[in-house]
Amino acid sequence: MFDPDIAPSGTLLGLLQRGRGDGTLHALTEQRAPALAALEQCVLRDPRGDWQVEARSLYYARLYSELEGGLDGIEQHLFAPEDLFDTDEHRTGLALSVLGHLAGYGRGDALRLLRAYAARGGNWEWALDELALRDDDAGLRALAPAVLGRFPATEDGDAELARALREAYEPRPWRLWAEDPVHGPRVRAAREQQSFDRWQRQLRPAGPAPGWSVRDVLTWAQDGLEAHPPVHRDAPAARCLAAVAGPEDRPELLAAALRGPEAARAAALRHLADRSDPGVYPLIEAAADDPSRLVSRAALDSFSRMRTPDALTRARVWARRDDGLGAAAARMLALLGGPGDADAVLAALRRVVRTDGPDADGLHVLVEGIGRLTIRCAAPVLRHLYRETSSSHLRGVAARSLAATDPKFGQGFAIECLWDCEESTRELAAHHAATKDVRVLAQLRRLAADPAEEAEVQTAVRGRLSTPEPHV
């Protein structure tokens, strides 16, 4: 995964990279040139660790609008020489999404830049999807020659056109082109080919299938691991075992989970855990420290999915450990435990933050557990995570737990959360931010009137604006 270079949280760049509300508030009080430079750096070098669960585009587009920023830097980035050979969506996706929001705000220069990139750029599919949401019919129809011209009128070119149509996120441009008297026949033919390809895929076998016995399934899982390149089949093999294994097969499965080959052992562990077999716990404990990453991962994943009272009892014992199994046990207590498990969950959270930092894997489960169990003395570590994590998703989880544990949340972080990059965090802030701060009511009204704001946020905002504040 892409590993972004994140600046310290106390700097303007660091705040903007994290998508914090304070980033916007500081940028608006900073001199315009350095604020725009920091903003542009974020847009051109996506700071997100996982763009699939973290939002930034609307956050950055709003700040571009507030600062009246030009788009020369984005244009140079999109049409740089690297665009000819670097096909990774990560290089241009955020910039194109920001342009899409700016076009939605009425920026004609953003709309023209999106059209130009859809016609000539490498990541043209993303630009076309943005235009499908914002451009008018005439603008989309005008792109047909440039986009369809990317696919030569050959058998391979027609196949690639059918693939592009199949993978398009927004179908509107293709529907318009299918109605065009010049380009329509080719687009309709590609659509028919797409339907035929789907039918063929449904009829075609997906690959080698296991025989219908426990031994066949375990052998099939191990054969995949030993193939070149290796194919990890332990999880699908466990699903197959659910269909073929009976009570008489339990001894064979227990033996495989204890001393079988890697993939077979992992598949057996997953199956036994899914069935909450009472004999699986010593097997999980032995496998958790196994040198094989495949086996240890299967053991930890399998235990993490268990939801029985016996599993919870075992978690209370294992949570004292400081290894992977102890971490998995603590996460189970965070999800399922009761008030008596609060100390173990808090100790695990502090240990993970201390040893692995504010962006460690699995932190969000522990943080959610802190809020669920209302562990009020955890507020200091939650505030630390809120400030320091580079994940806006985790920051939002920390904010929700702070709302449940910190009486001062409404007068503190909730206010800056109104400017946060994550819609769920803005929605939380709309419910909790204290309106005694003059900025709060102004921002609530701004969010209520913003056509780009998510419906859930606007519902929360309008509910807050229509409810009189209690007199203190």
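Mentor: Start with Ser391. Leaving aside residues up to four places away in sequence, Ser391 touches Glu54 and Asp359. A contact here means heavy atoms within 4.5 Å. Ser391 sits in the loop between α24 (379–388) and α25 (392–405). Helices are DSSP runs of H or I with at least four residues, strands are runs of E with at least two, and both are numbered from the N terminus. Ser391 is buried, at a relative accessible area of 17%. Buried means under 20% relative accessible area, exposed means over 50%, and partly exposed lies in between (1.4 Å probe, protein chains only).

A word on the source. This is a predicted model, where local features need pLDDT of at least 70, side-chain atom pairs count only at pLDDT 80 or more, and totals for chains, interfaces and linings use all residues. Residues are numbered from 1 along each chain as its sequence is written, and side-chain values use heavy atoms, with hydrogens and water left out.

Now step back to the whole chain. It has 29 helices and zero strands. The C-alpha trace spans about 75 × 70 × 40 Å along its principal axes. Of the 472 residues, 50% are buried. Take the contacts between residues at least 6 apart in sequence: 64% of them join residues at least 24 apart.

Other loops are worth a visit. Glu68 lies in the loop between α4 (57–67) and α5 (72–78). Its phi is near 55 degrees, a positive value in a residue other than glycine. Glu68 is exposed, with a relative accessible area of 62%. Ser276 also has a positive phi, near 50 degrees. Ser276 belongs to the loop between α17 (262–274) and α18 (280–288). At 32% relative accessible area, Ser276 is partly exposed. A cis peptide bond joins His228 and Pro229, with omega about -5 degrees. Most residues other than glycine have a negative phi, and most peptide bonds are trans.

Finish with a helix residue. Glu89 lies in α6 (residues 89–104). Glu89 is partly exposed, at 39% relative accessibility.
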